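The following note sets out several points for a colleague to consider alongside the model. Please read them with the sequence and coordinates at hand.

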Amino acid sequence: AILKAGGAYVPLDPDYPAERLSFMARDARLAALITGSAPSQRVPQGEWPQLRLDELSPELEQSSPAPLPCDSTADDLAHIIYTSGSTGHPKGVCIPHRGVSRLVLGADYLPLGPENRVAQLSTISFDASTFEVWSALLNGAALVIFDKDEVLEPAVLARRLREERITGMLIPTALFNLTARTRPDAFQGLRWMLVGGEVIDVACVKAVLSHGAPEALVNAYGPTENTTLSTTHRMNHVEPGALSIPIGRPVSNNTAYVLDAALQPVPTGVTGELFVGGDGLAWGYWDKPELTAECFIPHPFSSSPGARLYRTGDLVRRRHDGTLDFVGRRDNQVKLRGFRIELGEVESALLQHPSVRQALVLVREDIPGDKRLVAYVAADSSAASLREHLVSLLPGHMVPSSFVLLDALPLSANGKLDRKALPAPRDVAPATDGGLPPRQLTAVEQEVAAIWCAVLQVSAPDPRASFFELGGHSLLATQVVSRIQETFGVPLSVRTLFEAPTIEGLAHAVEQRLNAIAPSGPSAIPALRRDGPLPLSFAQERLWFLSRLHDDHAVYNMPMAIRLEGPLDEEALEASLQALVSRHESLRTCFPGEGVPAQHVFPEPDVRLERASADSEEAARELLQEMTRCAFDLARGPLFRALLLKTGEARYVLLLNLHHIISDGWSLGVLYRELSAEYRARLAGLPSPLPPLSIQYADFAAWQRQWLRGDVLQ
């Protein structure tokens, strides 16, 4: 009715929170709200009139059935679908009539006609409903609306599909996988079925194909911004040894390009970002011209005025036959502890384990500054078995720190994966080497256990549990070994922890070393001779060499930004910086020499607190960006700079910038804590101490990502 009257509709799911519904209604600037008379506190209130259909029924029955005059065109707005937004508020995707008609009229990927009975499994506010509703109504078919409770239970879904004589449907991937594992015969009798939304499980496809699959079983891919579907792939069979299912080729009146960062096509078999175009493209985002311009770019290969492509953010590879393989999200490539990791690759390796039904891998930061790779797995196996499996397939840095075993990955009401419902690793008890009775810890084991608790942020770990099963990784291992050396005064290598990764085993190694030095007592660490050139560490040699090869001399800069709010004693801050540099020789070191570099340590701190001010946010951004990109001279130094930028009354940003050759990411946390302690100590000595200063530590990794891509610290 809305479309026939020449309007555009905005679907509002009554199960959404009231605040979200109100935001969407205000943001879309509704002209009217159509609902029923059933009372609901979630119906958004505003200046728009509410049209209650059941109350208007007598009046509507008297209306003429003749078609209304309508002058809408293919390019006019049909509806606005709201999706989640990075700003914390949903954003509206504006779909034109052309996008909907191109999706379901004359489709070359499915037999759509009046003989169909199409199941609507998703809510009206989900973009899959665009296909469900209009594939039926614009082709003269029947639309059968399913209840949410009927969708999430595989046995009930199978029964309802038979009862309603459903011939076709679009099912979310997670719901397909769930149903296929318990009722692979649930889809018998369907003429066609689209599966889309996430990466499909190969084993589930095989199960459905062997239990009476629909005549056309199709893997579908597409963002909301391209009207639900962009590419499809018929799954008639699965190739032997296949680890993934292609997402296929573009649907009719659609294009797909695989481009590199310079928007140039990549060769076959090479990973690139997917850009889609054609008649399915949305107008853009409602009332967000800047975001629209960022995501909907001018078509680099079209001569048609106004032609655009949508940047999906998805990484794909094109096969020799032209079909596309989904690789992962552009932002699904993470950098953890210096290594670049594709999360999809870890998930694929997990799914090769015979007992794994579902797998999801992500990076969590439940403890600020401690990012860990976490695997959520539905499997009939132990974490130790899964870890052993991955160790046999992947490098150590790609093996998750924690494995959370679940009966099944949680699903939302729409049948999609509910990431918010995933528990934190510390909420799940780690598996132990089980079955052995508890015993009293020795004195050394108690000390080692206390160190583990402090480093891993766990309580009462089992003495036989693996350090790595409890969430440990190589960087945390170095902290454990360092604290053990400090506590017991014995030499210990990180390799020892890898070889004996339990409290029991590590304590035994410590006891052996204590016994070895007992007769003569601990020996002092010999003083470093300083009567000649000081050599570089292996890591410093590598960075020195790479810095001379790299054209961008600022690529190894390590900036850290700290927001300061409140009265600030600038002299005390500068004195604290000088004390910090005096304490740590690396902060006053340079690396002269050509063929063979050496370390030169300045006897006195050469650090000054540079000062600047900015009268606007834009000016502050530009200055911070400029300072983070300023190159260091390794031969002359200094390799540590500090800038205090005043941004307002009692508001500052302290920017500390170091070269990677004298520091690493983990050490930045140490630097911050020591600087904070130095500053507070100086304030305590003042006759009238200033009010406490609010210090917010800006995560280095996040800040680095922002300035590397030209963004601004928020």
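1. The model is predicted: local features need pLDDT of at least 70, side-chain atom pairs count only at pLDDT 80 or more, and totals for chains, interfaces and linings use all residues. Residues are numbered from 1 along each chain as its sequence is written, and side-chain values use heavy atoms, with hydrogens and water left out.

2. Cysteine 453 has a relative accessible area of 23% and is therefore partly exposed (buried is under 20%, exposed over 50%, partly exposed in between; 1.4 Å probe, protein chains only). Cysteine 630, at 34%, is also partly exposed.

3. Threonine 496 lies in helix α14, residues 494-499 (a helix is a DSSP run of H or I of at least four residues, numbered from the N terminus). Its relative accessibility is 8%, so threonine 496 counts as buried. Leaving aside residues up to four places away in sequence, threonine 496 touches Leu506, Ala509 and Arg513 (contact means heavy atoms within 4.5 Å).

4. Helix α3 (residues 97-104) and helix α4 (residues 128-137) have axes that come within 9 Å and cross at roughly 70 degrees (axes are lines fitted to C-alpha atoms over the stretch in contact, with angles from 0 to 180 degrees between N-to-C directions). Helix α3 is therefore roughly perpendicular to α4 (65 to 115 degrees).

5. In this pairing, Val100, Leu103 and Val104 of α3 meet Thr130, Phe131, Trp134 and Ser135 of α4.

Conventions:
Helices (H or I, at least four residues) and strands (E, at least two) are DSSP runs, numbered from the N terminus. Angles under 35 degrees count as roughly parallel, over 145 as roughly antiparallel, 65 to 115 as roughly perpendicular and the rest as oblique.
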